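Dear colleague,

I am handing over the structure below, and after it I describe what was found. Please keep it open while you read.

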Amino acid sequence: MNRTSKISRKTAETSITVDLNLDGSGKYEINTGYKFMDHMLTLLARHSGIDLIINATGDLTHHIIEDIGITLGECFEKAIGDKKGINRYGSALIPMDESLARCAIDFSGRKALVLDLKLNECNIEDVLVEDVRHFFSSFAENAKMNLHLHVLYGEDQHHKTEAAFKALARSIKDAKRIVSSEIPSTKGML
Ligand SMILES: [Mn+2]
């Protein structure tokens, strides 16, 4: 089974290329132009055990981060394919120093997003908090997944966000595993 995908998305606003191997080993090459997003997406690759290459350029921070979420989500949807044998669900509880994040996902074929990162409205390094939230929304929508992601508590904005990305990564690692030869739904499809 070849669970890889590569999508290049070019609009008047941005140019994004994502190359994904679900059965990788956590190798990455991330160039978004934003140091904080590079840091978060690096963590996502490493802690989910996927191989991930992302190259992104564009006009505005909001557009670039949104379109990375869209393209990465599309790549997941494509690489997961017919979901035969997939574990489907994944969850994780991840601390980052004083912060604690909880994530539960379902590669269900439908978007649902319940997100509470307990972030103050501010910049985190070189991105806005609202752009981080928007990333998760675009990702969940295009990966066609249920994403329930909560920071339970924390003080530092960087730590809270980092815990959230790591919790998502570990949930992906759990959900993408091949555990049988069946499609994990009584409907017979996902
Ligand atoms: Mn960090």
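The side chains of aspartate 174 and arginine 177 come together in a salt bridge, with 3.1 Å from N to O, the term standing for a side-chain nitrogen of Lys or Arg within 4 Å of a carboxyl oxygen of Asp or Glu. Aspartate 174 is partly exposed, with a relative accessible area of 23%, and arginine 177 is also partly exposed, at 41%; here buried means under 20% relative accessible area, exposed over 50%, and partly exposed in between, using a 1.4 Å probe and protein chains only.

This is a predicted model, in which local features need pLDDT of at least 70 and side-chain atom pairs count only at pLDDT 80 or more, while totals for chains, interfaces and linings use all residues. Residues are numbered from 1 along each chain as its sequence is written, and side-chain values use heavy atoms, with hydrogens and water left out.

A search of the whole structure finds 10 salt bridges, and another of them joins arginine 133 to glutamate 121 (3.0 Å, N to O). Arginine 133 is partly exposed, at 29%, whereas glutamate 121 is exposed, at 58%.

The manganese ion is coordinated by His39 (NE2), His158 (NE2) and Glu162 (OE), at 2.1 to 2.3 Å, where donors are N, O and S atoms within 2.8 Å of the metal (3.2 Å for Na, K and Ca), and the site may look incomplete because water is not among the atoms. Histidine 158 is buried, with a relative accessible area of 19%, and glutamate 162 is buried as well, at 7%.

Best wishes
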